[in-house]
Each structure stands twice: as C-alpha cells, then as structure tokens.
Amino acid sequence: MRVYKFYPAKWGREALSKRRLKVSPIDELNDPFEYLSLDLGNKSVRAWATQFRKIVSQDKGIISFSKNWHQPLMWAHYSDSHKGLALGFEVPDKLLFKINYVENRIKPESDVDVSKSSMEGLIQKLLRTKHKEWSYEDEYRLVRPLDNCICEGDKFFAAFNETTVLKEVILGARYETSNSDQLSSELQSEGVTFQTARAEFKGFRMTPQKLARLQKQL
C-alpha cells in the first residue's frame with residue numbers, strides 16, 4: 001500500500017538524508033486520548049487504562065502515515081503550513097492497520113477482563129480507535145518494538161528497509177528550495193520520484209503541479 005509521511009522541510013530532509021523514520025512512543029503521540037478511547041466513567045476501568053497505557057508506552061512505538069497527500073489540513077498541520085514535504089512509502093498491507101474514527105468512547109461490557117485473549121483483543125481495538133475529529137488524517141499505523149529501533153537520546157528511529165520502501169517525495173506548495181542537489185540525485189538514482197504540490201483550481205485539495213517550470217527542487 002502507498003502511504004505518506006508529512007514533515008516540516010528541515011526534518012523531512014534529515015529523514016531523507018539518514019534514510020530513516022521517527023518512531024513515536026505512545027505517550028508522545030499528539031492525541032492525549034491514545035489508548036484511552038475507553039469510556040472511563042468506571043473508576044476501576046480508569047485505573048486499569050491508565051496503568052495499561054503506561055506499560056504499553058514502554059516497549060511499543062508507532063509510525064503514523066496518511067493514505068493520501070491531497071488533504072490540505074495535513075500539509076497545514078504537519079508540514080509547516082505547506083512549506084514542508086511528504087514522503088511516499090510502499091508498505092505491505094499486512095503490516096499496516098487503519099484507524100477507526102468514532103463519535104463515542106468504547107464502553108466496556110463489564111469490568112476489564114484481564115485474561116490474555118481478552119487483553120489482546122482490547123489492545124488491538126484501542127490501538128485502532130480515535131475520535132472522528134481526527135478523520136481528516138485518514139491514518140494508517142505501523143507498530144515497531146522500541147528495542148528494535150535506533151535510539152538517539154530519548155528519540156527512536158527505524159531505517160528505511162524492505163517493509164518501508166521510499167518511492168516518492170512531494171514538495172509542498174510553499175516549499176523553499178535548499179542546497180540538496182546531491183541528496184536529490186542520490187534518491188533519484190534509487191528510483192525515487194519527485195513532484196510538487198499545488199492547490200486545485202476548482203476544488204479544495206492539493207494536486208500535482210504539471211508545469212515543468214514550476215516544479216520545485218529539493
């Protein structure tokens with residue numbers, strides 16, 4: 001499946017230069033309801049969920065992607081108001097899971113069942129659930145064990161590999177060309193394609209810039 005990762009220009013160029021993706025521990029994701037999409041009205045469920053989130057955050061990280069790069073809000077929120085870039089990757093479908101966007105929090109049938117089978121099912125459900133206000137992201141996730149990641153200080157990274165193959169780079173509509181000709185040449189020699197985003201003339205989405213003279217350079 002082709003999926004996209006959005007970056008401000010500086011961090012996007014660093015990701016390309018170092019051929020790696022940032023992996024976010026769950027407690028560093030930008031939604032405070034991550035893994036807390038349960039209805040927490042019950043005190044015992046609330047205590048369990050808080051402890052569960054803490055435990056899961058210690059050993060699992062997330063790489064978040066979007067299914068497409070045409071959503072202008074993604075460029076505004078994650079690519080420095082269209083000044084950044086989006087990286088397109090081929091990732092095996094079986095490794096990705098789609099986020100389910102809901103109106104209401106998940107209601108436990110009763111007090112949380114701590115059996116292994118029930119826990120696994122609940123973990124998967126919590127991992128896949130966010131409020132519908134996030135639906136513009138059209139998010140797909142890749143889970144990575146933190147102990148298999150590159151660790152630099154308190155940051156985690158996963159190298160580009162056969163399960164995250166870089167295929168394309170889309171430069172934002174307001175991207176400013178840097179001195180990255182060598183990096184651009186290296187990537188093109190690896191089969192990576194480049195294009196520039198622009199606003200549609202009739203709609204409200206981003207679309208490829210077709211005019212060669214208006215193509216931006218990395």
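"Buried" here means under 20% relative accessible area, "exposed" means over 50%, and "partly exposed" is in between, using a 1.4 Å probe and protein chains only.

Just after α5 comes Gly191, with a positive phi of about 95°.

## Ground rules

Residues are numbered from 1 along each chain as its sequence is written, and side-chain values use heavy atoms, with hydrogens and water left out. Since the model is predicted, local features need pLDDT of at least 70 and side-chain atom pairs count only at pLDDT 80 or more, while totals for chains, interfaces and linings use all residues.

## The whole protein

Zooming out, the protein has five helices and 13 strands. These are DSSP runs numbered from the N terminus: helices are H or I with at least four residues, and strands are E with at least two. The C-alpha trace spans about 60 × 40 × 30 Å along its principal axes. Of the 218 residues in the protein, 45% are buried. If you take the contacts with a separation of 6 or more, 81% of them are between residues 24 or more positions apart.

The accessible surface comes to about 12100 Å², and 51% of that belongs to carbon and sulfur atoms. Areas like this come from the Shrake-Rupley method with a 1.4 Å probe; for residues, only the protein chains shown count as cover. As for charge, the protein has 35 positive and 29 negative charges, and their mean positions are 4 Å apart. Lys and Arg count as positive, Asp and Glu as negative, while His and the chain ends are not counted.

Now look at the loop between α3 (72-78) and β4 (85-90), where you'll find His82. Is His82 buried or exposed? His82 is buried, with a relative accessible area of 12%. Setting aside neighbours within four places in sequence, His82 has contacts that include Trp75, Tyr175 and Met206.

Ser81 sits in the loop between α3 and β4 too. Ser81 has a positive phi of about 55° although it is not a glycine, and at 31% relative accessibility it counts as partly exposed. Arg19 is also worth a look: this residue, in the loop between α1 and β2 (20-25), has a positive phi of about 50° although it is not a glycine. At 21% relative accessibility, Arg19 counts as partly exposed.

In strand β4 itself there is Ala86, which is buried with a relative accessible area of 0%. Leaving aside neighbours within four places in sequence, Ala86 is in contact with several residues, among them Phe6, Trp69 and Trp75. The C-alpha atoms of Ala86 and Lys216 are separated by 13 Å, and these residues are 130 residues apart along the chain.

## Aromatic pairs

How many aromatic pairs does the structure hold? There are four. The rings of Trp69 and Trp75 have centres 6.5 Å apart and planes at 90°, so the pair is edge-to-face. Rings of Phe, Tyr and Trp (its six-membered ring) pair if their centres lie within 6.5 Å; planes under 30 degrees apart count as stacked, over 60 as edge-to-face and the rest as tilted.

Phe89 and Phe160 form another edge-to-face pair, with 5.1 Å centre to centre and 75° between the planes. Phe89 lies in strand β4 and Phe160 in the loop between β10 (155-159) and β11, so the pair ties together parts that are 71 residues apart in sequence. Phe89 is buried at 0% relative accessible area, and Phe160 is buried at 17%.

Note on methods: Contact = heavy atoms within 4.5 Å. Charge placed at Lys NZ, Arg CZ, Asp CG, Glu CD.
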